[in-house]
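Thanks for coming, everyone. Please bring the structure up on your screens.

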Amino acid sequence: MCRSIRTLRPPITSEVNDEDIRAAALQYVRKISGFRAPAAHNREVFDQAVDAVAAATQELLDGLQVRGSAAVHRQ
């Protein structure tokens with residue numbers, strides 16, 4: 001589905017910042033909605049979806065435990 005979204009979890013990468021998470025969330029919402037840039041009347045719900053996906057992504061990354069690697073938690 002979103003093949004060009006890079007992996008954000010260790011051991012692939014341990015350096016994930018808010019910009020990486022937001023970019024992945026934006027790409028996901030664009031793919032699901034079918035809009036690269038929403039019309040003005042859809043902007044608010046589009047932006048809310050990006051925020052929700054970014055928050056869920058952060059929660060997921062914070063909770064994942066990868067076997068064989070030291071725990072990497074963002075603060």
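Let me start with the buried residues of α2. They are F46, V50, V53, A54, T57, Q58 and L61. Around the axis they cover an arc of only 140°, so they sit on the same side of α2. Keep in mind that this is a predicted model.

What do those buried residues of α2 pack against? They pack against α1. Now look at the face of α2 turned away from the buried side. That face carries exposed residues: E44, V45, E59 and G63.

How about the span of α2? The helix has 21 residues. From first C-alpha to last it reaches 30 Å, close to the 30 Å expected at 1.5 Å a residue.

Let me step back to the whole chain. How many helices and strands does it have? Two helices, zero strands. The protein chain has 75 residues, and 24% of them are buried. Its accessible surface comes to about 5700 Å². Carbon and sulfur atoms account for 52% of that surface.

Next, contacts. Take those between residues at least 6 apart in sequence. Of these, 56% join residues at least 24 apart.

On to the other helix, α1. It has 16 residues, which should span 22 Å at 1.5 Å a residue. The end C-alpha atoms of α1 are 22 Å apart, so the two values agree.

Which residues of α1 are buried? D20, I21, A24, A25 and V29. The buried residues of α1 pack against α2.

An α-helix has 3.6 residues a turn, so residues three or four places apart point the same way.

Let's pick out A24, which lies in α1. Why is A24 called buried? Its relative accessibility is 16%, and the cut-off for buried is under 20%. Now find V53, 29 residues away from A24 along the chain. The C-alpha atoms of A24 and V53 are separated by 8.7 Å.

Now the core. Which residues make up the largest nonpolar core? There are nine in all: V16, I21, A25, V29, F46, V50, V53, A54 and L61. The most comes from α2, with five residues. As a general rule, nonpolar side chains tend to be buried together in soluble globular proteins.

Let me finish with the two ends of α1. At the start of α1, look at N17. A side-chain oxygen of N17 reaches to within 2.9 Å of the backbone nitrogen of E19.

At the other end, find S33, which is in helix α1. Is S33 buried, exposed or partly exposed? At 30% relative accessibility, S33 counts as partly exposed. Its side chain reaches the backbone oxygen of R30 at 3.5 Å. A polar atom of the S33 side chain also lies 3.1 Å from the backbone nitrogen of F35. Across to A49, S33 is 9.9 Å away, C-alpha to C-alpha. In sequence, S33 and A49 are 16 residues apart.

Last stop, G34. Just after α1, G34 takes a positive phi of about 85°.

To recap: the buried residues of α1 pack against α2, and those of α2 pack against α1. Happy to take questions.

Note on methods:
Residues are numbered from 1 along each chain as its sequence is written. This is a predicted model: local features need pLDDT of at least 70, side-chain atom pairs count only at pLDDT 80 or more; totals for chains, interfaces and linings use all residues. Side-chain values use heavy atoms; hydrogens and water are left out. Helices (H or I, at least four residues) and strands (E, at least two) are DSSP runs, numbered from the N terminus. Buried means under 20% relative accessible area, exposed over 50%, partly exposed in between (1.4 Å probe, protein chains only). Contact means heavy atoms within 4.5 Å. Accessible areas come from the Shrake-Rupley method with a 1.4 Å probe; for residues, only the protein chains shown count as cover. A nonpolar core is a set of buried Ala, Val, Leu, Ile, Met, Phe, Trp, Tyr and Cys residues joined through side-chain atoms within 4.5 Å. A polar contact is a pair of N or O atoms within 3.5 Å; within protein, one must be able to donate a hydrogen and the other to accept it, and residues adjacent in sequence count only if both atoms are side-chain atoms. The expected span of a helix is 1.5 Å times one less than its number of residues. The arc is that of the directions from the helix axis to the C-beta atoms.
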